[in-house]
Amino acid sequence: DSQELRRLGFGRLSRWTLDDGGIKLEFCEWDNCSSWLYAFVVEKRVRYIGMATTVLRSRLDGYSYQLNDRVGMKIKKLLEQRNEVEIFGAMRPGVQRADLEAEESVLIKDFKPDWNVRR
């Protein structure tokens with residue numbers, strides 16, 4: 001849940017909002033570090049965990065602009081049903097991609113978010 005994310009060093013960054021038939025970030029005032037882990041949370045439940053090895057805003061913008069993005073479509077549907085979809089994140093400056101991927105995998109295993117595709 002979101003409390004466990006906070007214990008692991010995540011903080012609430014923003015939330016998704018509806019915008020002219022699509023979704024957008026409500027605000028994006030955070031550090032431009034290029035190593036992040038992030039989570040989408042609905043009603044304190046972690047629904048998705050991801051990582052960004054580029055500027056986080058760029059990664060998140062992909063959910064808004066990529067046509068038929070599976071996760072973006074889930075976010076939009078929840079927003080249309082008046083649910084709040086929060087974005088939590090944890091900076092991992094200087095962490096190598098392989099280590100970030102390993103931490104992401106552990107988080108997915110522990111939280112079992114239903115939007116992450118099992119590999």
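This is a predicted model: local features need pLDDT of at least 70, side-chain atom pairs count only at pLDDT 80 or more; totals for chains, interfaces and linings use all residues.
Residues are numbered from 1 along each chain as its sequence is written, and side-chain values use heavy atoms, with hydrogens and water left out.

The protein chain contains four helices and five strands; helices (H or I, at least four residues) and strands (E, at least two) are DSSP runs numbered from the N terminus. Their order along the sequence is α-β-β-β-β-α-α-β-α. The radius of gyration, taken over C-alpha atoms, is compared with a globule rule of 2.2 Å times the number of residues to the power 0.38. The value for the protein chain is 13 Å, close to the 14 Å that the rule gives for 119 residues, so the chain is as compact as a globular protein of that length. The C-alpha trace spans about 35 × 25 × 25 Å along its principal axes. Of the contacts (heavy atoms within 4.5 Å) with a separation of 6 or more, 69% join residues 24 or more positions apart. Buried residues account for 45% of the 119 residues, where buried denotes under 20% relative accessible area, exposed over 50% and partly exposed in between (1.4 Å probe, protein chains only).

Strand β3 (residues 36-42) is mostly covered, with seven of its seven residues buried. Trp36, Tyr38, Phe40 and Val42 point one way from β3, and Leu37, Ala39 and Val41 point the other way. Strands are taken as paired if DSSP finds at least two bridges between them. β3 pairs with β4 (residues 45-52) in the antiparallel sense over seven bridges, and tryptophan 36 has alanine 52 as its bridge partner in β4. Two residues lie between the strands of this hairpin, in which glutamate 43 takes a positive phi near 50°. β3 also runs antiparallel to β5 (residues 86-91), to which six bridges join it; the bridge partner of alanine 39 in β5 is phenylalanine 88.

A nonpolar core is a set of buried Ala, Val, Leu, Ile, Met, Phe, Trp, Tyr and Cys residues joined through side-chain atoms within 4.5 Å. The largest has 22 residues, of which Trp16, Phe40, Leu60, Tyr63 and Ile75 touch the most other members. At least two residues of this core come from each of β1 (11-19), β2 (22-25), β3, β4, α2 (56-65) and α3 (70-80). Another core, of 13 residues, lies apart from it and includes Leu37, Ala39, Ala90 and Leu100.

Rings of Phe, Tyr and Trp (its six-membered ring) pair if their centres lie within 6.5 Å; planes under 30 degrees apart count as stacked, over 60 as edge-to-face and the rest as tilted. By this rule there are eight aromatic pairs. The rings of tryptophan 16 and tyrosine 63 have centres 6.3 Å apart and planes at 80°, so this pair is edge-to-face. The pair links distant parts of the chain, with tryptophan 16 in β1 and tyrosine 63 in α2, 47 residues apart. Tryptophan 16 is buried at 1% relative accessibility, and tyrosine 63 is buried at 4%. The rings of tyrosine 38 and phenylalanine 40 have centres 5.5 Å apart and planes at 40°, so this pair is tilted. Tyrosine 38 is buried at 0% relative accessibility, and phenylalanine 40 is buried with a relative accessible area of 0%. Ring pairs link Trp16, Tyr38, Phe40, Tyr48 and Tyr63 into a cluster.
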